[in-house]
Amino acid sequence: MKNKKIRIGIAGLGTVGSGVVNLLDKNKEEIFRRTGFEIEIAAISATDKTKQRDCDITGFKFYSNPLDLIDSEQIDIIVELIGGDKVAKELVLKSIKKNIHVVTANKALIALHGNEISEISEKNQCDVAFEASVAGAVPIIKVIRESLSANKIFWIAGIINGTTNFILTKMLQTKKNFDDVLEEAKKLGYAEADPAFDIGGIDAAHKLAILSSISFGIPLDFNSIYVEGIENIELDDLNYAKELGYVIKHLAIGRRVKNGIELRVHPCLIPNTRLIANVDGVKNAVVVSSDAAGPTLYYGAGAGSLATASSVVSDIIDISRKIISKSNVSVPLQSYQQGSQSKENILNIREIKSRYYLRIRVINEPGVLARITKIFGSKSISIESILQKEDLINDEFVPIVLVTHAVVEKNITDALVDIENLEVVKDKIIKIRIEELN
Ligand code: NDP
Ligand code: HSE
């Protein structure tokens, strides 16, 4: 048994790559006890050999060009942990074209090029595994592709960006400002190379593209996803939501509805009684609602070195077992067989129906509320509750917080244009959708 060895090449030795090197070393015996084979790091690649790292790389063959990993060593699995869709894409495509299996944590790559990667890897009978690409340590890809494979999935909703959840949680708990908390998330290795991907919702949208494809059997279609980030959320909103019995979370939602599929990423008010409302810090959680299993919830660390490495190494083990047993049976990359994906109508955000939280800053004078509610009435929008707050800094203006009944988004958007045109209304209106998640 001892002579069974799988040789891997690791490209990228940052937060995740160093976690993988450390985990393979730390749990070497445990992994051997589970699998009966050894996973050997045959070579590694990063841009700079001399850089100070969070893992020990002495003794490993080092390449500054990751493509050299493919040709120079007898590699069974390439582990792509560089990120982005430039050199990472080249590395993955070259590997699978040479029939070398790939493990990656790269959601951008899978979301943007997964259809092509899936086709080539299937043709070349090699696997591309990407568990770490969504929700870090949470094995949500395996759950959807394997554990729930007997189900028709109705909807998925998740907190799938650790950085934004960390920021929203810390702002509310510590009253620290947005930029300070973001700095903390960067230092902890949670943020993307460009943190605008986290803050602006792009990273969560990459992940939703993956989750929706494997849940609904549709092609990966990042460009059809509606995306909003957390840039406009202020501490006041977190506090007002709390007063109303809600928590603000950045959610990714994929839902089958009568006339198609909703794919959207944006902040939401969630009732504070939902389990997912209590998912804090860098933790992620995904609710999957399906016909046989009913609603199920998956929770854990969404980012970080060892947490993400846990998913990467688990993928390495899965592929290694397949290599060692000489099996050619694979779960399709996109969960459904190639060619069986259905092209569904992805709804425009203006077509979705929701309740809304609205924060409107107005001049503090009589009759203002009546003018606003008149516009809502003209668009068939009914108000569920109103909170009128004091502005402690400037009593010339007051924030009005309104909660609406469910209405089609285009009515709200049109009403807000008219309301923002009133001379008594200051600043852009803050609009946050309310999700009941049931
Ligand atoms: P880092 O920025 O920490 O690390 C990137 C690594 O890639 C560095 O070691 C860098 O080299 C190396 N690199 C960059 N360009 C090249 C190149 N042209 N050739 C060779 N090596 C290169 O990123 P992370 O570890 O945070 O993320 C890696 C991937 O994992 C990304 O796809 C990310 O989205 C994903 N991910 C990250 C998570 C996290 O918690 N951070 C969680 C889940 C997924 P050098 O060190 O020499 O600069
Ligand atoms: N930047 C990502 C996040 C890393 O914060 O969730 C994990 O995918």
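This is a predicted model: local features need pLDDT of at least 70, side-chain atom pairs count only at pLDDT 80 or more; totals for chains, interfaces and linings use all residues.
Local features are reported at pLDDT of at least 70 and side-chain atom pairs at pLDDT 80 or more, while totals for chains, interfaces and linings use all residues. Residues are numbered from 1 along each chain as its sequence is written, chains are lettered from A and ligands numbered from 1 in the order in which they are written, and side-chain values use heavy atoms, without hydrogens and water.

Helices here are DSSP runs of H or I with at least four residues, numbered from the N terminus. Their axes are lines fitted to C-alpha atoms over the stretch in contact, and angles run from 0 to 180 degrees between N-to-C directions. Angles under 35 degrees count as roughly parallel, over 145 as roughly antiparallel, 65 to 115 as roughly perpendicular and the rest as oblique.

Start with helix α4 (residues 87-97) and helix α5 (residues 107-123), whose axes come within 10 Å and cross at roughly 15°. That angle makes α4 roughly parallel to α5. The crossing is right-handed, a term for the near helix being turned clockwise from the far one by less than a right angle, with anticlockwise giving left-handed. In contact (heavy atoms within 4.5 Å) are A88, K89, V92, L93, I96 and K97 of α4 with L109, H113, E116, I117, I120 and S121 of α5. These residues comprise 7 nonpolar, 2 polar and 3 charged. In this classification Ala, Val, Leu, Ile, Met, Phe, Trp, Tyr, Cys and Pro are nonpolar, Asp, Glu, Lys and Arg are charged, and the others, Gly among them, are polar.

Helix α7 (residues 162-174) takes part in two pairs. With helix α8 (residues 178-187) it packs at an angle of about 135°, the axes being 9 Å apart. The two helices are therefore oblique to each other, and their crossing is right-handed. T163, F166, I167, K170 and M171 of α7 meet F178, V181, L182, E184 and A185 of α8; the set divides into 7 nonpolar, 1 polar and 2 charged residues.

The axes of α7 and helix α11 (residues 235-243) come within 10 Å and cross at roughly 75°. That makes α7 roughly perpendicular to α11. The contact joins L168, M171 and L172 of α7 to L235, L238 and N239 of α11, with 5 nonpolar residues, 1 polar and no charged.

Now the ligands. A residue is near a ligand if one of its heavy atoms lies within 4 Å of it. Around ligand 1 there are 26 residues, of which T47, R53, K107, E192 and G304 come nearest. A polar contact is a pair of N or O atoms within 3.5 Å. An oxygen atom of ligand 1 lies 2.6 Å from a side-chain N or O atom of T47, and one lies 3.2 Å from a side-chain N or O atom of K107. For G304, a backbone N or O atom is 2.7 Å from an oxygen atom of ligand 1.

The residues around ligand 2 include K107, N161, G162, T163, Y190, E192 and D198. The side chain of K107 has an N or O atom 2.5 Å from an oxygen atom of ligand 2. A backbone N or O atom of G162 is 2.7 Å from an oxygen atom of this ligand, and a polar backbone atom of Y190 is 2.7 Å from a nitrogen atom of ligand 2.

Definitions and conventions: A polar contact is a pair of N or O atoms within 3.5 Å; within protein, one must be able to donate a hydrogen and the other to accept it, and residues adjacent in sequence count only if both atoms are side-chain atoms.
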